[in-house]
Amino acid sequence: MKKILLVSMGEEFGGIEKLELDYLKNLNSKYKIDFLTPNDNPFKKFKKVIKQNGGKIYNFNVSRKKYIGRIKYFFNLFIFLKKNKYDIVHINSSVFLFSFQVVLVTKLCGVKKIIVHSHSTPKNNIFKKIIIYLLNPVYRFMINHYISCSKKACYSLFTKRFVSKNKILILKNGIDVEMFKYNKSIRKKIRDNLDIDNKVVYGNVGRLSYEKNHDFLIDIFYEIQKTNKDSVLLLIGDGILKEKINDKVKRLKLDKKVIFLDFKDDVYNYYNCMDLYIVPSLSEGFGITSIEAQTNGLITYCSMEVPEEVNISSNIRFFNLDIKAKELADSILKEKKLLNGREKAFINTINSQYDIKNICNVLDSIYSSNN
């Protein structure tokens, strides 16, 4: 049985970590899959699930936000890979220098198959673009397989010229469709538990970080609730900006209308209690929650920074980030028939080939190949 190491740089649980868990659940019968993170924060809630599926979590107990932490990380990585012989190292990161260094260390340790997988749109300044341009030939030489979750995300790790040659596999971020199907009874149960049974619920699932743009989301909801007094905003996720966003909510006197929930193991159930979904992200490599929301039948508003690949149904709406909060709120308030057709919405996801089983079949072919 081949041993695979999934490497990510996140220090909090997010979309990449969730996707890696899905890989484990769907491929554990064929491969021994382990996880490597800078510290134990991302997967600490899922240790039992990972163990049950035959995996292990490793971390170096360092912070990559500190210079000394970065040095320790790569020193420890070399020792770790020399000791634990992996057949495949699959790196899930869109930060070029991090990815380059992990690839270099992995190559020096003699790992036979290295896979890089980009998940975010580029935020490169001129200096970073020059670095990518100069180091890309060496970087690509060490890699066996190039993967990206969307066309936009390719440019975080590779040059425009290389991307234009279509040598990068676009592998969609899939979901377990069965889990995200609309369920009327779960809707009622959660709405009763949260005491929001008679409310119009606007929702967002994601890390509370700068790129997710919760600050603008609060502005949008502030305008919505002026017109619709029976509205609430449900925010599910953890992150470094949680306290700051909470302070803004209190300042606008919305604390009785905005519900903060930590990330849930059964987050898929919470889409059922929502009536409309909003993704105002400043950058997104893919935007998997937009697929999850549409699978559940939610009308979904996304910023133009979310890749067009998430457009899988008539329920999607895109908006420019330069739009005024009130203007966008007015558009949202005009939406009707919020509950219509939700039971059959999952069909769009299957037809668009976003089922995680299809995605893992492709990944399986890469893992099992001889090159």
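## A buried lysine and its partner

Lys 248 counts as buried because its relative accessibility is 9%, where buried means under 20% relative accessible area, exposed means over 50%, and partly exposed lies in between (1.4 Å probe, protein chains only). The model is a predicted one, in which local features need pLDDT of at least 70 and side-chain atom pairs count only at pLDDT 80 or more, while totals for chains, interfaces and linings use all residues. Residues are numbered from 1 along each chain as its sequence is written, and side-chain values use heavy atoms, with hydrogens and water left out.

Side chains of opposite charge can pair when their charged atoms come close. Lys 248 and Asp 219 meet through their side chains in a salt bridge of 2.8 Å, N to O, the term being used for a side-chain nitrogen of Lys or Arg within 4 Å of a carboxyl oxygen of Asp or Glu. This pair joins distant parts of the chain, since Lys 248 lies in helix α11 and Asp 219 in helix α10, 29 residues apart; helices (H or I, at least four residues) and strands (E, at least two) are DSSP runs, numbered from the N terminus. Asp 219 has a relative accessible area of 25% and is therefore partly exposed.

## How the two helices pack

Two packed helices are described by the angle between their axes and the distance between the axes. Helix α10 (residues 214-227) and helix α11 (residues 242-251) pack at an angle of about 20°, and their axes are 10 Å apart; axes are lines fitted to C-alpha atoms, for helices over the stretch in contact, and angles run from 0 to 180 degrees between N-to-C directions. The helices α10 and α11 are therefore roughly parallel to each other, because angles under 35 degrees count as roughly parallel, over 145 as roughly antiparallel, 65 to 115 as roughly perpendicular and the rest as oblique.

## Other salt bridges

The structure holds 18 salt bridges, and the table gives some of them.

| Pair | N to O distance |
|---|---|
| Arg 207 and Glu 211 | 2.6 Å |
| Lys 248 and Asp 219 | 2.8 Å |
| Arg 317 and Glu 335 | 2.9 Å |

Arg 207 counts as partly exposed because its relative accessibility is 24%. Arg 317 is partly exposed, with a relative accessible area of 24%, whereas Glu 335 is buried, with a relative accessible area of 17%. Elsewhere, Lys 18, Asp 22 and Glu 292 are linked in a network of salt bridges.

Glu 292 is one of the buried residues of α13, and this helix (residues 288-295) is mostly covered, with eight of its eight residues buried. Just after α13, Gly 297 takes a positive phi of about 90°.

## A nonpolar patch

Which residues make the nonpolar surface patch of about 480 Å²? Phe 75, Phe 78, Ile 79, Leu 104 and Leu 108 make this patch; patches consist of residues with over 30% relative accessible area and no salt bridge, like charges being joined within 9 Å and nonpolar side chains (Val, Leu, Ile, Met, Phe, Trp, Tyr) within 5 Å. Helices α3 (67-83) and α4 (96-108) each supply at least two residues of the patch, and α3 gives the most, with three residues. Leu 108 has its place in helix α4 and counts as exposed because its relative accessibility is 56%. Accessible areas come from the Shrake-Rupley method with a 1.4 Å probe, and for residues only the protein chains shown count as cover.
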